[in-house]
Amino acid sequence: MNGNLKLALQKKGRLTEKSLELLNLCGLDIENYSERLVVSARNFPIDILFLRDDDIPEYVQDGVVDIGIVGENVIYEKQSGTEVLEKLGFGRCSLMFAYPEKNELQKIEDINGKTIATTYPHILKEYLTKNNLKAKVIELSGSVEIAPSLGVADLICDIVSTGNTLMMNKLKKSFKVFDSEAVLISAEKILKDSKLNEILNDLLRRIRSVKTAHSSKYLMMNIPKNSLEKILKIIPSLKSPTVLHLAEENMLAVHAVIPSDKFWQIVNDLKIAGASGILLLPIDNMIQ
Ligand code: PRP
Ligand code: ZN
């Protein structure tokens, strides 16, 4: 016991790189982690344990670690007594039915009487019951996508992210069971230790500021003085934008924080309104 907060991350998989990237953006200087089970941050009281993602909910629930980053898919499948502290906005994927390309799944009732291979038996069975469907569920621990070609199952119910795995196995995605993303979890009876709680709250504050910053960009541009009113109407600014005078008499500079996904919608309107020298800069952190 070194008094550090213990965080579990997926050892190797879809969430590993993104989780470490998030911690780096939170200002954590993490030692070289390759092939190690536990690493510490040089500048933050945290130990990071690299574990199989499927085991993380249980380790968190049992208090082996204090918190973990894992997909919602794993949490719901494992039915663990853990609490979601924060959705993290990466590792998005969906649990979906997928069929061999040559077949067709017209309506969800078509899966009645079929055999479905999955690593998510709990979620799948719940879905079948809820939708009044009757199918045989075959539980596998991995490589579900090869089950139809081996003749083990008619279809699969598996995680789809980019869709590459399905494509490589000549499978076609069909109905969706649910959407998932990476989340930060802790045990339900949240950390009683006030020191650890303090560290967790510090980390949560940083994560939230990184999340806000990443959904925003810093927009800078020059505009003719007389189009200021028009331009301000176009910018969906979070706060009132900054307007600066330029050496050139009739020009102004306008700076504003905007939602990243709005930029391409408004850039043409800005140009038509006379904006020039438009710059869009990333924001690392935004404390609110
Ligand atoms: C899922 C799924 C596929 C892959 C799909 O595995 O089982 O193998 O991701 O991703 P794609 O659509 O981008 O090809 P996951 O990452 O959850 O790993 P795990 O089953 O080993 O835990
Ligand atoms: Zn897994």
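Helices (H or I, at least four residues) and strands (E, at least two) are DSSP runs, numbered from the N terminus. Keep that handy for the tour.

You're looking at a predicted model, where local features need pLDDT of at least 70, side-chain atom pairs count only at pLDDT 80 or more, and totals for chains, interfaces and linings use all residues. Residues count from 1 along each chain as its sequence is written, chains are lettered from A and ligands numbered from 1 in the order written, and side-chain values use heavy atoms, with hydrogens and water left out.

Next, select ligand 1 and show what is near it (a heavy atom within 4 Å). Up come Arg14, Asp53, Asp54, Asp158, Ile159, Val160, Ser161, Thr162, Gly163, Asn164 and Thr165.

Which element gives the most to this shell? Colour β9 (155–160): β9 takes that title, with three residues.

Now for polar contacts (pairs of N or O atoms within 3.5 Å). Zoom in on arginine 14, where a side-chain N or O atom is 2.6 Å from an oxygen of ligand 1. Hop to aspartate 53: here a side-chain N or O atom is 3.3 Å from a ligand 1 oxygen. Last, click serine 161, whose backbone N or O atom lies 2.8 Å from an oxygen of ligand 1. With the ligand still selected, note that the protein covers 70% of the 510 Å² of accessible area (Shrake-Rupley method, 1.4 Å probe) that ligand 1 has on its own.

Conventions
Polar contact = N/O pair within 3.5 Å; in protein donor to acceptor, adjacent residues only side chain to side chain.
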